[in-house]
Amino acid sequence: MELSGAGGAGHLDPLLYPWDPPGASGVINGNEFRPLEPSDGLEEALAQAGAAPLEARSLVVSIGSNSSPDVMRRKFANYRRPVSAVLPLVRGQLHNIAVGHSAHVSKAGYIAAAPYPLVGECTAVWLSWLDDVQLMALDETEPNYRRIQLDAEACPVVADHGERPEEFSLFTSVWGVLTDGDGGKLPFLDQPALFGLLAGSGSGDLLAEGKSVFGGPPELVAEQLAIPSVQAWAREWFSSAGLAAPVDFDGLCGG
C-alpha cells in the first residue's frame, strides 16, 4: 500500500515503489529476515523468536509496499506504542483479484497499488500475520484505504506451502482505481511508466505553459507529486477526467 507521509518514507525512493519484497518466505525479526526452511513451520519460527503464535494473529494479504520488510519496519517504528519487530511474510496466490493503482497520490509522491475484483485473475501476493498492536499500527498508516474481510471461497488465497487460509483481510482504496478513461482499469506499472501513461491522458496541466504534471523526467514528476496542493489537484483530476473507477468487493468477495 503506502507510507503515511514523506517523513515515514525515510530514504525510500518514490520512483522505486513498491520497493523490494523478500527473496523467499520467512520471518522479519528486527533488522534481520530469516527465510523459512522447508522443514520449519511458522509456529516454530515464531516460538523461536519469542513472538505471539499464529492463533493470536490476524492474516492480512499484502500487495504493494506492505510486502517490503523495510517498509514494515518503518511503519512499526513510527507507531506511538512499542510494536513487536517479528512478522511472518509468506508468498502466496490470490484468486479473482487483480492489482492496479489507487486514484490518489501518496504524501511521499507516488501512486500506490490497489486491488479490485476480477474473476479468473490470479495475483502474486504476500501473506502477513500480525499481532493486535501490529495491526493497529498498520491500519493507522493507511488513511486512504479501508481493510475489508474477504470471502475465502469466492477469493481463495493459497500460501507458498499449500495452506489455504479461511479468513483474511485486504486493504482497498477509498478513492477507487485508475482507468484508461474508457472503463478499462490500468494494470499495475512501475512509477515512471505510469507517469508516462498519465501524461498522455489529457488535461493534466497544473504546471506552467500547459505542461502535464506527469510529463518530463520522473524525478521531477515525483518531486511535484510530493506537494500537498498537487496531490489534492491530482485526486480531483482523476475523478473529473474519468480516470477513477469505484471498486465494489461486495458482490464477489465481500465477507
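Q191 is buried, with a relative accessible area of 0%, where buried means under 20% and exposed over 50% relative accessible area, with partly exposed in between, for a 1.4 Å probe and protein chains only. The model is predicted, with local features needing pLDDT of at least 70 and side-chain atom pairs counting only at pLDDT 80 or more, while totals for chains, interfaces and linings use all residues. Residues are numbered from 1 along each chain as its sequence is written, and side-chain values use heavy atoms, leaving out hydrogens and water.

Q191 belongs to helix α5, helices being DSSP runs of H or I with at least four residues and strands runs of E with at least two, numbered from the N terminus. Beyond its neighbours within four places in sequence, Q191 is in contact (heavy atoms within 4.5 Å) with P14, L15, Y17, H101, Y110 and I111. A polar atom of the Q191 side chain lies 2.9 Å from the backbone nitrogen of I111.

Helix α5 (191–199) also receives packing from the buried residues of α7, as do β9 (177–178), α6 (218–225) and β10 (244–245). Helix α7 covers residues 228–240 and spans 19 Å from its first C-alpha to its last, close to the expected 18 Å, a figure given by 1.5 Å times one less than the number of residues. Its buried residues are V230, Q231, W233, A234, W237 and F238. Seen down the axis of α7, these residues fall within an arc of 165°, so they line one face of the helix; the arc is taken from the directions from the helix axis to the C-beta atoms. On the other side of α7, P228, E236, S239 and S240 are exposed. After α7 comes G242, which has a positive phi, near 75°.

Methods: A polar contact is a pair of N or O atoms within 3.5 Å; within protein, one must be able to donate a hydrogen and the other to accept it, and residues adjacent in sequence count only if both atoms are side-chain atoms.
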